[in-house]
Amino acid sequence: MPPLYRDCYRSYAKRYSMSSEYFFSNVLQFQIYRALCTASGQYVPQDPSKPLHKCDIYRQPAAGNILKKLMERGASQPWQQVLQEVIGEGRLDGSALREFFRPLEEWLRNENLRNNEYVGWIYDGDYCKHSIETANLQVFGGFYNVAVELQLTSWLVLAISSLLGALVQHHQLR
């Protein structure tokens, strides 16, 4: 392979690897955050008075203990095993990210409906009928209702790091 192509391939491979790590870490940080909030009693599933997006783990010993256990292990064991032992979840799960941003997602969905804004792909009849039915989707005004979720998820992945950075900086200023 000529040097120019080899350099391009290395550059692409490095970017792809970094973006995968970035995506993985963003999903994982919300999964760990949910476990920290649950342990500290700041978040209770199904309790509207203690939603995940309002959790504050600052100076919460239970959250600190979990974080300490996670950090102590370092890279000595597979991450799945460490997660399973410490927070009881051994698989990567994006539901915490979705749950954190659920109020924003609901607001966006309502605003789009209120303003007759349709985000997504145009429904082209029966071509995708089986996919729509198996995914339990609905069609509104010629558009799939899942499109808001896809765009929101893409935006969320980009916004997560800055949000957590702002939270950390806010608590450091206290």
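**Exercise 1.** In this predicted model, determine which handedness the disulfide of Cys37 and Cys55 has.

*Solution.* 
Step 1. Locate the bond: a disulfide joins Cys37 to Cys55, with an S to S distance of 2.0 Å. This passes the cut-off of within 2.5 Å for a pair of cysteine sulfur atoms.
Step 2. Read the torsion about the S-S bond of Cys37 and Cys55: it is about -100°, so the disulfide is left-handed.
Step 3. Check for others: the search of the whole structure finds 1 disulfide.

**Exercise 2.** Classify Cys37 and Cys55 as buried or exposed.

*Solution.* 
Step 1. The cut-off for buried is under 20% relative accessible area.
Step 2. Cys37 has 0% relative accessibility and therefore counts as buried.
Step 3. Cys55 has a relative accessible area of 9%, so Cys55 is buried.

**Exercise 3.** Describe the second largest pocket by its space and its lining.

*Solution.* 
Step 1. The space in this pocket is about 220 Å³.
Step 2. The pocket is lined by 14 residues, and the closest to its centre are Tyr43, Pro51, Leu52, Glu99 and Arg102.
Step 3. Sort the lining by class: 7 residues are nonpolar, 2 polar and 5 charged.
Step 4. Assign the lining to elements: helix 5 (residues 102–114) gives the largest share, 3 residues.

Terms used. Residues are numbered from 1 along each chain as its sequence is written. This is a predicted model: local features need pLDDT of at least 70, side-chain atom pairs count only at pLDDT 80 or more; totals for chains, interfaces and linings use all residues. Side-chain values use heavy atoms; hydrogens and water are left out. Buried means under 20% relative accessible area, exposed over 50%, partly exposed in between (1.4 Å probe, protein chains only). On a 1 Å grid over the protein atoms alone, a cavity is a set of points where a 1.4 Å probe fits but cannot get out, and a pocket is an open set with protein on both sides within 12 Å along at least five of seven lines; lining residues have an atom within 4 Å of a point. Grid points are joined across faces, edges and corners, and a volume is the space filled by probe spheres set on the points. Helices (H or I, at least four residues) and strands (E, at least two) are DSSP runs, numbered from the N terminus. Ala, Val, Leu, Ile, Met, Phe, Trp, Tyr, Cys and Pro count as nonpolar, Asp, Glu, Lys and Arg as charged, and the others, Gly among them, as polar.
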